[in-house]
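Hi,

Here is the structure I promised to pass on.

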Amino acid sequence: MFWWGKYMQGMEELSTEERVTVLSSALEQIADSVMITDTTGVIKYVNDSFELLTGYSRHEVIGLKPSVVKSGRHSLIFYRRLWSKLAEGRPFRSTFINRRRDGAIYYESKTITPIRAFSGEVTHYVATGRDVSDRVGLEDRLRHLAYSDSLTSLPNRTRFLELLRNDLAGLEKSDEQLAVLFIDLDGFKVVNDSRGHVLGDQLLIDVGRRLRQALYGSDLLARMGGDEFAVLVRGRKSVDSVGVICDHIIQALETPFLVEDAPAYISASIGIARAPRDGTDAVTLIKHADTAMYEAKRKGGCYRFFKPEMTRAAAEQFNIRNDLRRAARTGELYLEYQPQVHLGSGQLRGVEALLRWRHPAHGPIPPTSFIPALEDTGMIRTVGLWVVREACAQLRRWQNEGVTVPMVSINVSPQQLEDPDLTKDIASAIEEFQLDPGSLEIELVETSQLAEIDRVEEALRQLDALGVRVALDDFGTGFSALTHLHRFPVHTVKIDRDFVGMLGKETEDARLIEGILGVARSLTLDVIAEGVETPDQWAQLRQLGCDFGQGFLIQRPCGAADIATFLSHSGPPALVPPPVPDTPPKPGGPPPLV
Ligand code: C2E
Ligand code: MG
Ligand code: MG
């Protein structure tokens, strides 16, 4: 009997011969490439798609080993992992970098599965694969965007953090040192406000150029956002003379910049934190350099070294951690909700729950500042659980009141996913509030810092098994977006609002969104565009084939009661989708909606 005998249940009415014919023609015609080897790795069979993909005919490869398509781009460890998985009798999945007959490299998403005979013994391996070269190309472009500042082309904050972390890891094993300089421009805001953003942008590009020239090749310069730059100075000698580097930077900015032939005066305040003496982790070092920079600004000096007293002074003004502890007890934390709608019909898809903190003395604190503090202190687990329960309770209240909210999306931090109790907590909230699991969606921020990636994967699989949906948030900003799509059970991607904001300005971004939509379509995922602020963006997103949107144009985050009002409006302007221009869809582009 052939090895595929056990897969033939349900085909009992066919004769053995017919079954074999059906299965072998299925193998021949399937779009995936198929290769079957024996246990020594000798190729016994390849299908038409394999021939098409690799350029080799079956006569050329049968009897050879799969190394015929090897590109030499994988490490020994990769093959060791492959063989150890197969030796355990388990399938191996990965993206292979292979070489076609004509020498061209291609990327193949491949699964190799051991096939057992009735006796249980492994007799063959079957490798099925699909060409994902397009996707990998898109991923490279996304990675480039995710890692560099589009204005100055310098590395951005994400990249800076990652390289700093790498260097710090190396520091543990040596007696090396490094320093982080945090640079804030003085005078930039005046130019930007008085002479306009376009000239402001040009000025930032020029500043970036001068800073680069003032530094050594081994120093890493990054733009952290706005008018903030950072430098990573490496090596003991350089750290000892970091004051000289600061002098170079200050001198480099002394000559006035010419902005449309008029001089603009820019100077810099610099804060310095050194590792290991001022901190051994990236976040602390940057924070300390930032604190020292404020001290330099306050005292009017050009640069300042970090001193522990500075933190104490800052802490006396506003102690985010202590205040958060109190806030979690006193009801200063609450949720707002923001609608997500179908861009074609304006119908409500669901709402995203967004955490808010109203500080009794300092007023509303943005989640982008207090959520990292919750994460640093580990409090995100308790607060995150409260968010889950409160959002579920609210969904139940809406349902009781007859307010039709089909789904609520809840943001969770990677740390929460690393908590083994998270799925249990979500399951018990679903039960307690008698919800359909499919009416919950968990939004996971796409990040490069998923430390315990196996744990995260497991948690997502458990959620998937519960019937809860999983969304990748801020898609495109993390560096391994598409890898995660491949690996995690994901139902939805949310295109980051940075991409949406650039729609219409740069064609590259429209193409990227199109690329993301293409991948999402092939994986039958929902796509939500975040930060839809203008009717133009709405129209363009619809034209690109994006189904759902969320943003200020539709509705700002609001209280639970306002969601009922939002729904009851017979025809709020935002709910009437703007007309799609009369241009025919581009060949190969997405089909028009509605
Ligand atoms: P996010 O999940 O990407 O949430 C969307 C953010 O975009 C929200 O910011 C929302 O107010 C903002 N937004 C929505 N529409 C527009 C628009 O048209 N234009 C602009 N400029 N912004 C828009 P918010 O509320 O400040 O939240 C920031 C981030 O904080 C969230 O980003 C999410 O990552 C995190 N966050 C919020 N609530 C929670 C929570 O309960 N748990 C966790 N772990 N993170 C949360
Ligand atoms: Mg979100
Ligand atoms: Mg987002």
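Predicted model: local features only at pLDDT ≥ 70, side-chain atom pairs only at ≥ 80, totals over all residues.

Aspartate 474 sits in strand S18 and glutamate 530 in the loop between strand S20 and helix H22, so the pair ties together parts that are 56 residues apart in sequence. Glutamate 530 is buried, with a relative accessible area of 10%. There is also the magnesium ion (ligand 2), 4.0 Å from the magnesium ion (ligand 3), and aspartate 473 coordinates both.

Now the salt bridges: the structure holds 28. One of them pairs arginine 130 with aspartate 32, with the closest N and O atoms 2.6 Å apart. That pair links strand S5 to the loop between helix H1 and strand S1, 98 residues apart. Arginine 130 is partly exposed, at 47% relative accessible area.

Another joins glutamate 352 and lysine 494, at 2.7 Å between the closest N and O atoms. Here strand S14 is linked to strand S19, 142 residues apart. Both ends are buried: glutamate 352 has 4% relative accessibility and lysine 494 has 0%. Elsewhere, Arg349, Glu441, Arg469 and Asp526 are joined into one network by salt bridges that share partners.

Last, arginine 356, also found in strand S14, is buried at 17% relative accessible area. Its side chain makes a polar contact of 3.0 Å with that of glutamate 336.

Cheers

Key. Residues numbered from 1 in each chain as written. Chains lettered and ligands numbered in written order. Heavy atoms only, no water. Donors = N, O, S within 2.8 Å, 3.2 Å for Na, K, Ca; no water. Helix = DSSP H or I, 4+ residues; strand = E, 2+ residues; numbered from the N terminus. Buried < 20%, exposed > 50% of the residue type's maximum accessible area, 1.4 Å probe, protein only. Polar contact = N/O pair within 3.5 Å; in protein donor to acceptor, adjacent residues only side chain to side chain. Salt bridge = Lys/Arg side-chain N within 4 Å of Asp/Glu carboxyl O.
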